[in-house]
Amino acid sequence: MPPISFLPFLQTVPWGTRILTALLVFASLAQFLLASVIRQQAPVLPTYGHELPWLVLVPKTSWKFPWTLLTAGFVELNIFEVRRSWSIKASDTLQFAFSLVTVPLACRYLERLWGIRELARFTCVVIVASNIIAFGFAWILFIVLGSDAVM
Amino acid sequence: MTDHHSSGIPFHGLSALQSGILVAFTQIIPEHQIQLFGVLKARVKVGVRHLGVISLLTAQTIPGVFLLASNVLVLVLGPSPFILIQFGFFVAWVYLRFFKLSENGEYRGDRSETFAFQYWFPPIVR
């Protein structure tokens, strides 16, 4: 088995995929760091995930921040010190690792096939439209069920 | 702002894009072959000679499995990021079929017969 060297692999990654991966890592790290800062300073402890309503899509308050339709797609919540059930912690960390591995590989292939503009357009359309549908879905559930648990 | 009493997790993550990527792969590869990308790179050609269960596996199996897993996970772990998989699948299919500009920019969408919505379901249901 020949040794796998990292640098030639990096050189074959096209530009759009690099930007996409950088956005993913940057947004997730930003959420992680800023959330821990906010937790220390907030007078009332916000529930897990709700610390940054201007970055992730909180159906109750994110109508004030319309850019979250796009930025929420790049944030993968990862937690290390939050008191939450172990299954959600495990699933979030797994999601982050899974996204970090699969999305760059797949986008590398798609970018060679489609070109960077089509890939950017595809990414934005899928993320924004599915976030819009999820937003409306959460509001419909809230109206129907009347409970706050889905927000 | 008052504190949030809500216990749900806000929507986040690239789950929708993962689902959209699977849809895009299904559009690209031919109908009855499964190729596992990444490390494995195994080519599994499905023939009618094989067992009855395996001969049902088509290129649409992988996104189908992903969708099914997301249904289960939504019920177990809450809707937050997993229901985006369903929406992402639908949005990606609609975009690729009706709105995507072709390479020359001549026409929109991929109106080939094999990408119609009915082909996501196994041959029995069709």
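1. Chain B has 126 residues, and 44% of them count as buried. The model is a predicted one, and the remarks below should be read that way.

2. The secondary structure of chain B is made up of three helices and two strands. Starting at the N terminus, the order is α-β-β-α-α.

3. The surface of chain B: the accessible area is about 7,200 Å². Carbon and sulfur atoms contribute 66% of that area.

4. Helix α1(A), residues 6-11, has the lowest confidence, with a mean of 59. Helix α5(A) has the highest, at 85.

5. Is L119(A) buried or exposed? This residue sits in helix α5 of chain A, which spans residues 116-145. L119(A) has a relative accessible area of 3%; the cut-off for buried is under 20%, so L119(A) is buried.

6. Which residues does L119(A) touch, leaving aside neighbours within four places in sequence? The contacts are C107(A), L110(A), E111(A) and W114(A).

7. One distance for orientation in chain A. L119(A) and P66(A) are 53 residues apart along the chain. Their C-alpha atoms are separated by 22 Å.

How values were computed: Residues are numbered from 1 along each chain as its sequence is written. Chains are lettered from A and ligands numbered from 1 in the order in which they are written. This is a predicted model: local features need pLDDT of at least 70, side-chain atom pairs count only at pLDDT 80 or more; totals for chains, interfaces and linings use all residues. Side-chain values use heavy atoms; hydrogens and water are left out. Helices (H or I, at least four residues) and strands (E, at least two) are DSSP runs, numbered from the N terminus. Buried means under 20% relative accessible area, exposed over 50%, partly exposed in between (1.4 Å probe, protein chains only). Accessible areas come from the Shrake-Rupley method with a 1.4 Å probe; for residues, only the protein chains shown count as cover. Contact means heavy atoms within 4.5 Å. pLDDT is the predictor's confidence in each residue, from 0 to 100.
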